[in-house]
Structure formats: C-alpha cells, structure tokens
Amino acid sequence: MAQPLVKKDDDHDDEAEYSPFLGIEKGAVLQEARVFNDPQLDPRRCSQVITKLLYLLNQGDYFTKTEATEVFFSVTKLFQSKDFGLRRMVYLIIKELSPSADEVIIVTSSLMKDMNSKTDMYRANAIRVLCRITDGTLLTQIERYLKQAIVDKNPVVASAALVSGIHLLQTNPEIVKRWSNEVQEAVQSRAALVQFHALALLQQIRQNDRLAVSKLVTSLTRGTVRSPLAQCLLIRYASQVIRESANTQTGDRPFYDFLESCLRHKAEMVIFEAARAITELSGVTNRELTPAITVLQLFLSSSKPVLRFAAVRTLNKVAMTHPMAVTNCNIDMESLISDQNRSIATLAITTLLKTGNESSVDRLMKQITNFMSDIADEFKIVVVEAIRSLCLKFPLKYRSLMNFLSNILREEGGFEYKKAIVDSIVILIRDIPEAKESGLLHLCEFIEDCEFTYLSTQILHFLGIEGPKTTDPSKYIRYIYNRVHLENATVRAAAVSTLAKFGAMVDALKPRIFVLLRRCIFDSDDEVRDRTTLYLSTLGGDGEVVETDRDTKTFLFGDLDIPLVNLETSLKNYEPSEEPFDIDSVPKEVKSQPLAEKKAPGKKPTGLGAPPAGPPSTVDAYERLLSSIPEFSDFGKLFKSSAPVELTEAETEYAVNVVKHVFDRHVVFQYNCTNTIPEQLLENVSVIVDSSEADNFAEVASKPLRSLPYDTPGQTFVAFEKPEEITAVGKFSNTLRFIVKEVDPTTGDAEEDGVEDEYQLEDLEVVAADYMMKVGVSNFRNAWESMGDEFEHVDEYGLGPRENLAEAVIAVINLLGMQPCEGTEVVATNSRSHTCLLSGVFLGNVRVLVRLQFGIQGSRDVAMKLAVRSEDEAVSDTIHEIVSSG
C-alpha cells in the first residue's frame, strides 16, 4: 500500500499531502478498466484508470497472463479516440505491458499508421513504442521509416528515433549500424536535444573502433557542436581518447587545448564538465590544473547551490592528490562552512583539512566544533577521517586534534560514527608516540559509558597491547577492572584477558593483578571463569613479583602464525592416539585450490583437498610422495613446494609443468607430464636438465618415468644440491627425452620397437622468492614490536622510473615472495607515497617481517625505504641482498 507523501519544505509537521493512489487495489482497478469498452469513451476517466494501472505495474504488482491480455486488448480500443492526452497514456501502457509476439500484431497497424501521421506527437510516441515492443523481423520492415525520422525536421520526432536507436543497439546492433549516415547528418542538427542524442548514438555505434572514435572527436572539436548537452558528451569522449592514448603517445596530450577552451564556454554545465575532466586526467600537472581550479573557484561564490556543491566536491577530490593546487581556494571555502546546505559545508571543511597549513589548524578546529552538532552521522564520519589525516600530516598539533576527537566521542552518535572516532584515536596512538598516554586515557574514559560491546572489546584489547608499554601502566587498571563488574559477559571476558596481559607484561603489577583475577573465578559466565583459571595457572608465581617467561607470553598473547583453515583441516584429519596433536605439523603456507579440482567437484579429495587422480597439490601430500622415493628420503623435512610452472604452451603434443620442492640443502624438480597423442605410448621418460647457468647447483639424483600412456599424468624427478648458507638462484634448460611407440587405435596395443625422441621445454628459474613461504600475521604492529629490533636492518633503495607506485609495490612483493598484511598491497590511485607490510617464513623456518615505504617523485622515479626484522641477523641481511640485486 502506498505511503503518504510528506510535502517538501514544509515547516508544519501536521500538514501532509496524501497520495492519490492511497488504498488502491489491483482487482478494483481491473474492474474499472472496463470503461475502455464503453461505446462513448470518457477520455478523462480512461486516463485516470491507465494512470492507476501504470502505478500498480511500477509498484511491482504482478499481472497474470490472462489479466495482462485482457487489459491490452481493452486498451487497443482506445486508438479510436482522438484525444491527445489519452493517446499518450495509451502509448505508455502498451510499453509497460510488453505484449507477446502474437499480441503485437494487433497494435502494429495502428502504431505504423500513427508513425506516418501528420501529428508530430503521434509520430514520436509511435516510434518509441514500436521500437520497444517489436522484434528484429518487424524492425526491418519499418527501418526505412526510422531512417527518415532521424533526419526529420521536427526535433521531437528525430530525438524519439535516435533514443530508440540507442535502445535497439543492445538487441539489434546490425540494423542500427546501417543508420550511420543519417545519424551523422543528425549530429549537425540545430536542435540541442537532437544533436545530443545523435552524438550519443554515433559514439555507441563506433565504440569498438578506437580510431573511429578518435576521428569523430577530432572532427567535432572544431566547433560544430552547439548543444551544451552534446558539448558535455564530447568532453567525456575526448577525455576517454586522452586516457586511451596515454600509454602510447608522448609529448602534449591530444585534445587538452579543446578541454581548456571549453572552460570559456557560455554554458555553466560545459565549463564544469571541462574542469572536472581536466582534474581527472591521469598524471595531471599543476600547470594543466591551474585554469580548471580557477573556474571552480569562481563557482564557489555562485548563488546556485548545485554549482557550489559541484565545485567543492571536485576540489575535494583534487585535494587528495594535489593539495597545494587547491590552497588558493581556501578563503572561498572557509565562507562555505556556514552554508545552509550541509553537504556543501561538510565538503568545504574536509577540503580545508586536507589543504590547510599548520598555522590554520586551531582556527579550523574552532569552526568545526560549532558545525558538528548540525550535521548527520555520515557527514561527521567524513570530517573525522579528514581530521585523522590532518593529524598524521601535522603531528605537532596532536593535542588540539586529540582533544577535539575525545570531546565528540562523548557526544551522542551511532555505532559507525563512534567506531570512526575510536579508529582515528587508535591510529594516532600508533603513529604518534607522544599521543599514546592522552589517547589511552580518552579511550578509558569512553568505555566507562560505552553502549557498544564491539567497541568496548576492541578498546580493551588495544589497552592490553599498548597499556603495559606506558610509563605508568597501573593507572589503567581501574578502568579495566570496572568492566568486570559493570558490563555484559563478552566485555567481562575481554577485560579479564586485558588484566592478564598487564600481569604478564608488567611484573611489578602481577600481585595486584592476581588479586583481581581471583575475584573473577566466581563469575556467572563460564567463558570468564575459564579465561581466569587459564591465566592464573599459566602466569605462575602465585602472584609474586617474578618475571613471566617468554614462552608463556607467546602462548597467551602471541600471534597465531598459521592459517586457521590449515589448523582446522589438520585437526579434522588428526586421529586420536597416545601422541598429542603437534601444532608444528600444521602447514604454514596458504594453498589455493588447484584449477583441476575446481573443475571436478564430484571427485572425493584426499589429504588437504588434492584430487586422487592428479599429482599432489599440498605440502603434506608432496612430502609423503617425496619421502617414499629412496633417492630423496634423506633430504630432510620439505620446506616449501611452489605452484606448478608451465613449461609447454597449450594445445601442444606433450603438456609438462614443474613443481619446485625446496629443502634445506636440496631442490627437487617434479615434472608433471601428460601425453596428449592417442596413437603414442611414451616410455623411459626423463628430463635432461642443463644447469650451466646455475653455478651453485649440482645434480645429485633423478628418477625417470617408466611409461606414459595417452592422457594419464605421470611424474619424473631431478634433484640438485645447493650450498646451505646462501640463497642460490639460477636458470635451468630442460629437454624432455623419451622412447615413442606407435599404438594400434583398434586394439590399443603398442608396437615392440620404439624410436628415441626429444622435445624442447621452456627454461626454468629458481628465484629468491622460492626460499620464502607466505605466512600472514593478524596484527602486524604487535608482531613487529614483539619481534624486537635486535636483528633489524634498514636501508634505502632507488627503484628507477615506474608508471605508478602500484607497479613498484607489486614488483617488490613478487621479488620477495612474502604475504602482504592488512590489505597494504593496494595502492590508492595517484598516490605519491605508500607503506606496505609483508610477512613470511624464510628457509630454516625463520620468521621475517618487512616494512616498505615508497615515494614517487615528479620524474616518476620511485624511492623505497626497506626495514627488515627477523629471528636471524643473516636472514635480515639476505632480504636486503635480494632487493639490491633484484
């Protein structure tokens, strides 16, 4: 049922305007539709009934086949009326009913008659309806009329034909593409809408031909477009050509002069479209931006709210990548803080926060304080995020900004708003050491009266990490213990864990913590009791001031450095026995599902999900396979197996890929071979490996494949020894050698005599990333600090010219073969700096953490600062050697 529509801009809540459709029902309206059959038609009454039918259809009411047919045939009788208004309603209802092919015939003659009528209104609407309800067969019959309509003198008829062409291009592109000459003529029309629709259709016809689109834009940028709407379209197409030619063309941008000339157009929409297009150009320079920023600055003082909003929104986006280019507009934007439109005011404030200098921070804070109470939560979140960025930009101003965040944290607001504030305070604490003490106290005061369980638990967890590292950890104990008495079970459990962290990390507080924990043993919730018992038993010392050993701290509060999915699978596969479950046996590398397994869901997997018919696809399965081969049984524990590397192209006679198995002192190549020729049997299959370009490797063993029938995978192995202390890399040439025997297709028997043959395979490389296993951490900062700086190694490198920062980040990640953490592998568009966090386990089960800081200069040269922490100083040095030589 329709809801009452409240009148806009009405100051009186008690005055409301109700919908005329309130309470209408489909059955009653269908009864009313019988008026279509009256001998004396009442045009006004019929129009009202059609309006109700259209309302029901647009509200989602379902008409059965019988009901729709009855309404349709009744509506066709209305063509006998000469009333213009009723005829327009008839066109609308026919389009909405979408009659079937056999029903369309009923109205086709009437519509074609209207299409050739002398009344332009009939012609335009008949074209729209016919193109909507007809199929390709009928379309060919009326194509001649549609071509004539495109170049019709009446702009309404021409626009109707062009818009119909845009819709038909999706279903009958071959027919519409034959109209190019007529559409080209319509582009020169003096009517604004005709030119707009003609240009849109012509571009869609040519959109798959980049050269044709470029020629179209070139011809039209010479001043033949009069319509402002068409000019806006042309600007967008010119921008598209600029983007597509950016990778292939050097020197000045094509069409930039055209975009700049549009900034002097008399139509405001064209000026704005050109300014927006210039600001969104890839790699735009300050010189190119200046004219666009100038016209946007003029729009800021416009009397039209839509222009002010458009200008400040565009400047807000520009400020993300070119803040200095927007600083000239700051005075105009400060006046918009008091704008009646809250969206404009919010955008003005956030832009000022991005472009303001250190001296203007305090003044901005005063203006924002009065402003925050007048806007909705979604706007407040935007402001909070902008303040966080400003604080990271000017860390010396953290006091005033932190005080502002704490004040708004105490005010009323929803969950997302409060979460944004808490997240901002947490980030400031982590990135600005001086802000830690005051920030933690602000968070402690917030959880005293926090209504959101999620935020309380997150803050308690954060307190447990950062609180013990402060100069006076004891001052936070009161806030934490209050939660044990005043909150729900979830928060109480989190508070117990946080108290235990303080006891484990601060030995002087351990006696007091034990007293508090013992009081929690009798809690009503079993989770709280279990946690308390665990912490009391593992912390030890009976509450005395003794140092908590490192293993206990790691057990209680360390990161789980194995993927949960691997742990779950290992627990499911564990068979109860006298030997306890060994968590070290859980694979640490995240394995993606093999493509062959995805394509064959019906096969029952074995091990950790490997299909039984193909080669093993998990570390465990690979290790069992290799240990069963006598030549490799004494190589020790398998460290890592790579993803398969294809050594042949698709659709060749023989399909071969290789898996690299890395041990402490050996590397084993497993060649997975498939014979794709039905008339051949391969025997004594082996791979001859040339290691002349891999000086540090020496071949020690190989295992050939006795027989390789058609379409049956098999494996052959070659093992190399390498020095233990170095990260050996090299290139290997591979040749597949075998004896080929012909197979009788009728009997399936192979001939006794065979012929020796060889097949050249692609080269294979062992790279530094093969010695690194991708292992993520859930909290990188915590893992980084717990690792300590004993074996930290920091250095800076130049990575040379790059297209953008994202390219440099991906290159370094691939070079090291480590796992990106916390989504830091994603680089914001047009970003000039970026920080990437990586985690992994190096050969020898040595944990490694890497912090990469990238910066790009005007010449697109990328500089990188690399900080490495690991459990072995030699490994930290090795990581730097890999980067310097890569």
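Biologist: Which residues are linked with Glu466 in a network of salt bridges?

Modeller: Glu466 is linked with Lys436, Lys469, Arg781 and Glu785 in that network, where a salt bridge is a side-chain nitrogen of Lys or Arg within 4 Å of a carboxyl oxygen of Asp or Glu. Please keep in mind that this is a predicted model, in which local features need pLDDT of at least 70 and side-chain atom pairs count only at pLDDT 80 or more, whereas totals for chains, interfaces and linings use all residues. Residues are numbered from 1 along each chain as its sequence is written, and side-chain values use heavy atoms, with hydrogens and water left out.

Biologist: What parts does the Arg781 and Glu466 pair tie together?

Modeller: The side chains of Arg781 and Glu466 meet at 3.5 Å, N to O. Arg781 lies in helix α35 (residues 780-787) and Glu466 in helix α26 (residues 453-466), so the pair ties together parts that are 315 residues apart in sequence. Helices here are DSSP runs of H or I with at least four residues, strands are runs of E with at least two, and both are numbered from the N terminus.

Biologist: Is Glu466 buried or exposed?

Modeller: Glu466 is buried, with a relative accessible area of 1%; buried means under 20% relative accessible area, exposed over 50%, and partly exposed in between, using a 1.4 Å probe and protein chains only.

Biologist: How many salt bridges does the structure hold?

Modeller: The structure holds 32 salt bridges, and one of them joins Arg308 to Asp339, with the closest N and O atoms 2.9 Å apart. Arg308 is in helix α17 (residues 305-321), while Asp339 is in the loop between α19 (330-335) and α20 (342-355), so this pair ties together parts that are 31 residues apart in sequence. Both Arg308 and Asp339 are buried.

Biologist: And what about Lys660, which residue does its side chain meet in a salt bridge?

Modeller: Lys660 meets Asp770, at 3.0 Å from N to O. Asp770 lies in the loop between β11 (764-766) and β12 (772-774) and Lys660 in strand β3 (residues 654-662), so parts that are 110 residues apart in sequence are tied together. Asp770 is buried at a relative accessible area of 8%, and Lys660 is buried with a value of 8%.

Biologist: Where does β3 sit among the strands, and which strand is joined to it by 9 bridges?

Modeller: That strand is β4 (residues 666-675), which runs antiparallel to β3, and a hairpin through 3 residues joins β3 to β4. Strands count as paired if DSSP finds at least two bridges between them. Lys660 has Phe669 as its bridge partner in β4. Strand β1 (residues 640-641) is joined to β3 by 2 bridges, antiparallel, with Ser641 opposite His661. Strand β2 (residues 645-646) is also antiparallel to β3, through 2 bridges, and there Val645 stands opposite Val658.

Biologist: How many of the residues of β3 are buried?

Modeller: In β3, 8 of its 9 residues are buried, so the strand is mostly covered.

Biologist: Changing topic, what is phi of Asn684 near?

Modeller: Phi of Asn684 is near 50°, a positive value in a residue other than glycine. Asn684 lies in strand β5 (residues 680-693) and is partly exposed, with a relative accessible area of 47%. Glu822 likewise has a positive phi, near 55°, and its place is in the loop between β14 (819-820) and β15 (833-842).
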